[in-house]
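Subject: Handover of a structure for your review

Dear colleague,

Please find below the structure that I am handing over to you, together with its sequence. My notes on what was found in it follow directly after.

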Amino acid sequence: MLYSPGLYCPAPGEAAGISISDSEARRFKLLRIYCEGSAIATIGMATVVLVGWAFGVEVLTSVLPGLVTMKVNTALGLGFSGISVWLQLPGKSRSRKSLSITRYSAHVLALLVVLIGAGTLAEYLFGVNLGIDQLLFRDPMGSVGTSSPGRPAPMTGIAFIASGLALVLLDRKTKRGSGPAQGLSLWSGLIGLMAITGYVYQASLVSKIFLYTKVALNTAIGLFLVSSAVFFARPRVGLAGDLTGDGAGSVVARRFLPAIVLIPILLGWICLRGEIAGMYGMELGLGLQTTVNIVVFAALVWWNARRLNKEYDQRSQAEVEIRALNAALERRVAERTKSLELLSERLSLATAIARVGVWEWELVGKMSIWDATMFEIYGFPPVVPVPYEKWSAAVLPEDLPAAEANLQRSIAEKNQGSAEFRIGLPDGSVRNISVIQKAILDDQASVTRLIGVNMDITERKRAQEALEQGAKDQLRFKDEFLSHVSHELRSPLTAIKQFTTILLSGLAGELNKEQREYQQIVLKNIRQLQSMIDDLLDVTRAEAGKLSVEPESTSAWDAVTDSLNTLRVSSEGKGVSLVSELPPDLPPVHADQTRLRQILIILLDNALKFTPKGGAVRVRARLQKGDAWFVVLEVSDTGCGMSPEACERVFERLFQVEQPSQASRKGLGLGLFICKELVTRQGGEIWVQSEPQVGSTFSFTLPVFSLNNVIAPLLKDDRWPAESVALVMAEICFGGGGSLDSQQECRHEIRNLVQRCLLPNLDVLLPKMSYGAEGERFFIAAFADEKGASILAKRIRDQFECIPHLRRTNLTLLVTYTMLKPFPLEGGSSQENMVTTMATSLENTIKSQILSEGVS
Amino acid sequence: MTNNLSNKKILIIEDDADVRLGYNVLLKANHYDTFFAADAMGAITEARKCLPDVIVLDLGLPAGDGFVVLERLRANMQLQMVPVIVVSGRDLPVNKERVLLLGAKAFIQKPWNDSELLALIGKLAGQPDLSVAQPK
C-alpha cells in the first residue's frame with residue numbers, strides 16, 4: 001500500500017493542520033491498515049463467493065458445507081461496500097480531480113449497496129419478487145436456510161441499507177459534530193455481530209429473524225468487517241474519535257471495549273458448552289457465567305485503575321516540575337524587568353541631563369507620545385498625547401516645510417532621517433532643535449509610527465555661530481592688519497625713495513662716483529622692499545579669494561619679450577644670459593596680461609637669483625593639444641637645482657630653499673605661491689622639474705584663447721535654438737592729441753561703460769583679441785534680434801553722451817551691429833558643436849569686420 | 001625737464017612732512033610753485049587761496065580722507081576744473097576706479113617713480129582740461 005505515516009494526507013472533511021502525537025499517529029496507521037485489510041478481505045470474500053456461484057462450487061459460497069450460502073446479491077453488496085470503503089480511505093489520491101472521481105465512484109457503489117438492501121427488504125415486506133435475486137446466477141431450489149431462492153436474508157438487507165447510507169454519508173457531519181455514518185455502520189456491524197454470535201452459540205433464532213433466509217456466516221463476518229472499516233474510516237470524528245484519542249477516556253475505552261465484546265461471548269460460549277455437555281444445569285451455568293464475568297471485569301477494572309493511577313502520578317510529577325520551571329521563569333522575567341526598568345531609568349536620566357526629548361508618533365491617529373524632556377524643550381504643559389498640529393504650530397513657519405519633509409521622507413523611505421529646525425516657545429523665545437527619527441515597520445513592512453529624539457541645540461548653535469564669527473573676524477582682522485601694515489610701510493618707503501632719487505639726480509648737490517654707487521644700492525633695495533610689500537598684499541588677496549585676474553586674449557610672445565627686457569639689465573649685471581626660444585606661431589592665450597608678466601618676472605627673477613655667473617636662463621614655449629589646448633611656458637636655469645623634497649614644497653607659502661651662504665638675499669618666500677595662485681586662477685597648472693647642481697625648469701600652462709570658452713557659459717539649454725545672435729561693435733576713434741596714457745585710460749573707461757550696458761546672461765563683452773584692433777574696438781556677442789541689438793547700441797551711445805569729459809577729448813564712439821546667421825540645433829549635433837559653430841561664426845564676422853575696415 | 005615760462009602752481013595734500021619736503025625739492029627743481037596742506041580741512045582752504053593748476057592728493061589723511069577732499073573739490077565752482085592726481089599706498093584695483101569716478105585724472109601707487117610723476121604733472125599742468133566732470 002502507498003500509505004506511509006510521514007506522508008499522511010488528511011482526507012476531505014478531516015480538519016487539516018491538526019497536530020497529532022506519535023502514539024496517535026501509530027494508532028491511526030494501525031487503524032488504517034485494519035480498515036484496508038477489512039475492505040480487501042471483504043472484497044476477496046465476495047469475489048470467492050461470486051466465483052463459487054459462477055462455477056457452481058457450493059463450498060465457496062458458504063464457509064462450511066451445509067451452512068447457509070452467501071447469496072449473489074449479498075456478495076455484490078459486500079464487494080461494493082468493500083470497494084467503496086477502500087476508495088474512501090484517507091490518503092488515497094493526491095490530485096483534486098482524481099479525488100473527486102474516486103469519491104464519485106465510491107458513492108455510486110454505496111448507492112448500489114443501498115439499492116440492493118432496499119430491494120431485498122421490499123421483496124420481503126411486500127411479498128413480491130422483483131426479479132433481482134437471480135439476476136446473475138441461479139440458486140438451486142431448496143438451498144439451506146433460504147426462504148426464496150437467491151434472495152439475501154432480510155437482516156442483510158437492513159445491514160446493506162445502513163452500511164450503504166453510511167458510505168454515502170461518510171464525510172457528512174451533523175450539527176453536533178458527530179458523523180451519521182458511524183451510527184449507521186454500528187447498526188450493520190451489530191447485525192453482523194448478532195449473526196456471528198448466533199453461529200457461535202448455534203442459535204438459529206438470532207441469525208434467522210422472522211424465519212426468513214438466514215444470514216450466512218461469511219456474510220456476517222463480511223458485514224462486521226465492512227461496518228468496522230466504515231466506522232474507523234474517519235478515526236478522528238464522532239464515536240471513533242472518542243476511541244482513538246489520546247485522552248484518558250479514550251484510553252479506558254480502548255482497554256475495555258475489546259474485553260466487553262469478546263469476554264461475554266467467550267464466557268457465554270464456554271458455559272453453554274458445559275451446559276450442553278450436561279456438566280451442570282442452566283441455572284448454575286448462568287450463575288457461573290455471571291461470577292466469572294464479575295471477576296474478569298473486576299480484575300480488568302483494577303488493572304485499569306492501577307495503570308491510570310500510575311499515569312496520574314507521573315502527570316503530577318510532571319506538573320510539579322513544570323510549576324518549578326514556571327516559577328524560575330517568572331523569577332527571571334522579574335529580574336529582567338527590573339534590570340530593564342533600571343536601564344530605562346538610566347536612559348531617561350541621561351536624556352533628561354542631555355536635554356534629549358524622546359517622542360513616538362502614531363501615523364494613524366496623528367498623535368504623539370512625548371517624554372518629560374520633550375515638554376520641557378517645547379515649554380508645553382505635559383499632556384499626552386500631543387496632536388500633530390500642536391507640534392507643527394510650534395515650529396517656526398519658515399522652517400516647517402523642511403521639518404515636515406524630513407518626517408515624510410523617513411516614512412516614504414522607511415528609514416532613519418534627521419533635520420534641524422527652530423521652534424517658538426510660548427514665552428516668545430526661539431530654540432534650535434535637532435531631530436533624529438526612525439520609521440518603525442509592522443509585520444506587513446508598512447510604516448505605522450515614527451520614534452525619534454529632539455535635542456535642544458540652541459546653546460551649541462550659538463556657540464558654533466560665535467566661533468564661526470570669531471574665526472571670520474580673526475581672518476578679516478588678519479587681512480586688514482596685513483593690508484594696513486603694507487600701506488603704512490609704503491609711506492616711509494616713499495620718503496626714502498623720494499630723497500634717494502633727489503640725491504641721485506643731484507638736486508642736493510653733485511655726488512661723487514662712490515656716493516652715487518652707494519645710493520644706487522639703496523635704490524635697488526628700496527625696489528626689493530617695494531616688491532615684497534606687493535607680494536604680501538597679493539598673498540592677502542589670494543587668501544581672501546580677491547586676487548584680481550582679468551583674462552583676455554593675450555600674446556604670450558609679447559609678455560615674454562617684455563619681461564625679458566625688464567630683467568635684461570640685472571641679468572647682464574650678473575653675467576647670466578637670458579635666452580628666449582619661443583616658436584613664432586604661438587597662439588594667443590586666455591590670460592590676464594599684467595598677471596602673466598608678473599608670473600614670468602617672478603620665475604625669471606628666481607632663476608637669475610640661483611644661477612651662477614656664466615649660466616643661462618631660457619624661456620621656451622610649446623603647444624599642448626588635448627581636449628583643451630594649452631600653451632606651456634618653461635623657464636629653465638643652469639643653477640644649483642633643488643632636492644626632490646624641495647620640489648614638492650616649493651609652491652608652498654613662505655617656503656624657502658636652504659641657501660648656500662654665497663647666495664644673494666632671500667625673499668619673503670611668497671613669489672612661487674603667488675605664481676601658483678595666479679596660474680590656477682587662470683585655468684592652468686604649474687610644476688617644477690629639478691636636478692641638484694644641474695638646474696631647474698619651472699613650467700606652467702595657460703589655456704589657448706578660444707571664443708568657445710567665453711561664450712559657452714552663456715549657452716544654457718533653453719537658449720537653443722539660438723535663432724538670432726548679433727555682433728555689436730563699439731569703436732573708439734581718437735580725434736588726434738592726447739597721450740598714449742590718456743588713450744589707455746579712455747579705453748578702460750569705455751570698456752567699463754560698455755560692460756554696464758550689457759544684460760547679464762544675454763550679452764557678453766568679448767575679451768580683447770589679438771586680431772582685434774588692440775582694444776580700440778569692443779565686440780559684444782548678444783542674444784538678441786535686430787531690434788534688441790539696436791536697443792543695445794543706442795544704450796551704449798546714450799551712456800557715452802552722459803560722460804562729458806570723454807566726449808570733449810575729441811573722442812568719438814561708433815556703435816554698429818551685424819546679425820549673425822541663425823544657429824538652429826540640428827538633430828544629432830551636440831551643444832558643444834553648436835558652441836563651436838557659433839564661436840567660429842563670431843570669429844569670422846569679427847575678422848571680416850576688421851578686414852573691411854582695413855580696405856576702406 | 002619742463003620749461004614753462006610762468007611757474008605753474010601745484011598743491012600737495014599730504015600728511016607726512018618728510019614726503020612733503022621731498023615733493024618740495026623735486027617740484028621746485030622742476031620750476032613749479034608748491035603749496036601744501038596736511039589734512040582734509042586745510043586742503044580746501046589752501047586750494048581756494050592758491051587756486052593751483054594741479055592738485056596732488058594723498059588718500060590717507062587725518063580729519064576726513066582723500067575721497068572727501070575730492071568730493072569737496074568737485075563741488076566747488078572755482079576748483080572743480082583743477083586736475084587731481086591721487087597718490088596712495090592703498091590698494092590699486094579698488095581705489096583707482098573709485099577716484100576716477102569721482103573725477104580724478106590719475107591714480108599713482110606709492111612709492112612712485114619721480115619721472116613718471118613729473119611727466120604726469122607736466123601733462124596736466126600744461127594742458128588745462130576744459131571738461132567739467134560733474135558728480136552725478
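Two strands are said to pair if DSSP finds at least two bridges between them. Please keep in mind throughout that this is a predicted model.

In chain A, strand E4 (residues 416–424) and strand E5 (residues 430–441) are paired in the antiparallel sense, with nine bridges between them. Within this pair, Ile423(A) has Arg431(A) of E5(A) as its bridge partner.

**A four-stranded sheet**

Further along chain A, four strands form an open sheet in the order E15-E16-E14-E17, with antiparallel pairing. Strand E15 (763–765) and strand E17 (811–819) of chain A are at the edges, and each has a single partner strand, so one side of each has no neighbour in the sheet. On average, neighbouring strands of this sheet are turned by 20 degrees against each other, direction ignored. Inside the sheet, strand E14 (residues 726–734) and strand E16 (residues 777–782) of chain A run antiparallel and are joined by six bridges.

**A helix pair**

Helix H15 (residues 458–504) and helix H16 (residues 513–543) of chain A have axes that come within 10 Å and cross at roughly 160 degrees. Because angles over 145 degrees count as roughly antiparallel, H15(A) is roughly antiparallel to H16(A). The crossing of H15(A) with H16(A) is left-handed. The contact between H15(A) and H16(A) is made up of 13 nonpolar, eight polar and seven charged residues.

Across the whole structure, a search finds eight cavities of 30 Å³ or more. The largest cavity holds about 150 Å³ of space. Its lining has 14 residues, and those nearest its centre are Trp359(A), Ser368(A), Trp370(A), Trp391(A) and Leu407(A). At least two lining residues come from each of strand E1 (356–362), strand E2 (367–370), helix H12 (372–378), helix H13 (388–394) and helix H14 (400–413) of chain A. H14(A) gives the most to this lining, with three residues. By class, the lining of the largest cavity has 11 nonpolar and three polar residues, and no charged residues.

Of its 29 lining residues, Phe224(A), Phe232(A), Leu257(A), Pro258(A) and Val261(A) are the closest to the centre. Helix H1 (22–55), helix H6 (180–201), helix H8 (217–233), helix H9 (238–244) and helix H10 (248–276) of chain A each supply at least two residues of the lining. The lining of the second largest pocket comprises 19 nonpolar, seven polar and three charged residues.

Yours sincerely

Terms used
Residues numbered from 1 in each chain as written. Chains lettered and ligands numbered in written order. Predicted model: local features only at pLDDT ≥ 70, side-chain atom pairs only at ≥ 80, totals over all residues. Heavy atoms only, no water. 1 Å grid on protein atoms, 1.4 Å probe; cavity = no way out; pocket = protein on both sides within 12 Å on 5 of 7 lines; lining within 4 Å. Nonpolar A, V, L, I, M, F, W, Y, C, P; charged D, E, K, R; others polar. Axes fitted to C-alpha atoms, helices over the stretch in contact; angles between N-to-C directions. Parallel < 35°, antiparallel > 145°, perpendicular 65-115°, else oblique. Left-handed = near helix turned anticlockwise from the far one by under 90°. Points joined across faces, edges and corners; volume = space filled by probe spheres on them.
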